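Work through the exercises below with the sequence and the structure in view. Try each task before reading its solution.

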Amino acid sequence: MNTSTPARRSGSVLSKITLVIGLVLIVALVVFVLQNTDHTRIEFISFDFDLGVGVALLGAAVVGAVIALIVSATIRVRRAVK
């Protein structure tokens, strides 16, 4: 007798939707960077950069996301300790 259980799905619908949304956002980001190729000079402290506008904005967004992640993690750790 074969008493096999029904096959489970390897991923939920929500995870597939999240994956599609992530891919669409990545494509939009690549298009944004490719369309904003004008170069600009960035001066920060004693560093000078000559970057495309799209790349500079992307870098600023990444730095902002990292700062938000650090602040969020710090708040979670403090709440967990209490």
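**Exercise 1.** Decide whether E43 is buried, partly exposed or exposed, and find its salt-bridge partner.

Solution. This is a predicted model, and the values that follow are computed from it.
- Step 1. The relative accessibility of E43 is 55%. The cut-off for exposed is over 50%, so E43 counts as exposed.
- Step 2. E43 forms a salt bridge with R41. Their closest N and O atoms are 3.5 Å apart, and the limit for such a pair is 4 Å.

**Exercise 2.** Describe how strands β1 and β2 are arranged, and name the bridge partner of R41 in β2.

Solution. 
- Step 1. Strand β1 covers residues 39-44, and strand β2 covers residues 47-52.
- Step 2. The two strands pair in the antiparallel sense, over six bridges.
- Step 3. Two residues lie between β1 and β2, which form a hairpin. In the turn, I45 has a positive phi of about 55 degrees.

**Exercise 3.** Are the rings of F47 and F49 stacked, tilted or edge-to-face?

Solution. 
- Step 1. There is one aromatic pair by count.
- Step 2. In this pair, the ring centres of F47 and F49 are 6.4 Å apart, and the limit is 6.5 Å.
- Step 3. The ring planes stand at 25 degrees, so the pair is stacked; the cut-off for this class is under 30 degrees.
- Step 4. F47 has a relative accessibility of 47% and counts as partly exposed. F49, at 40%, is partly exposed too.

**Exercise 4.** Which residues form the nonpolar patch on the surface, and which element gives the largest share?

Solution. 
- Step 1. The patch consists of L29, F32, L57, L58, V62, V66 and I70. Together they have about 560 Å² of accessible area.
- Step 2. Two or more residues each come from α1 (13-35) and α2 (53-81).
- Step 3. Helix α2 gives the largest share, five residues.
- Step 4. Take L29 as an example from α1. Its relative accessible area is 37%, so L29 is partly exposed.

**Exercise 5.** Give the order of the elements and the share of buried residues.

Solution. 
- Step 1. The protein has two helices and two strands, which run α-β-β-α from the N terminus on.
- Step 2. Of the 82 residues, 5% are buried.
- Step 3. The protein exposes about 7,700 Å², and carbon and sulfur atoms supply 69% of this area.

Conventions:
Residues numbered from 1 in each chain as written. Predicted model: local features only at pLDDT ≥ 70, side-chain atom pairs only at ≥ 80, totals over all residues. Heavy atoms only, no water. Phe/Tyr/Trp six-rings, centres within 6.5 Å; stacked < 30°, edge-to-face > 60°. Buried < 20%, exposed > 50% of the residue type's maximum accessible area, 1.4 Å probe, protein only. Patch = residues over 30% accessible without salt bridge, like charges linked within 9 Å, V, L, I, M, F, W, Y side chains within 5 Å. Areas by Shrake-Rupley, 256 points an atom, 1.4 Å probe, with all protein chains shown as cover. Salt bridge = Lys/Arg side-chain N within 4 Å of Asp/Glu carboxyl O. Helix = DSSP H or I, 4+ residues; strand = E, 2+ residues; numbered from the N terminus. Pairing = 2+ DSSP bridges.
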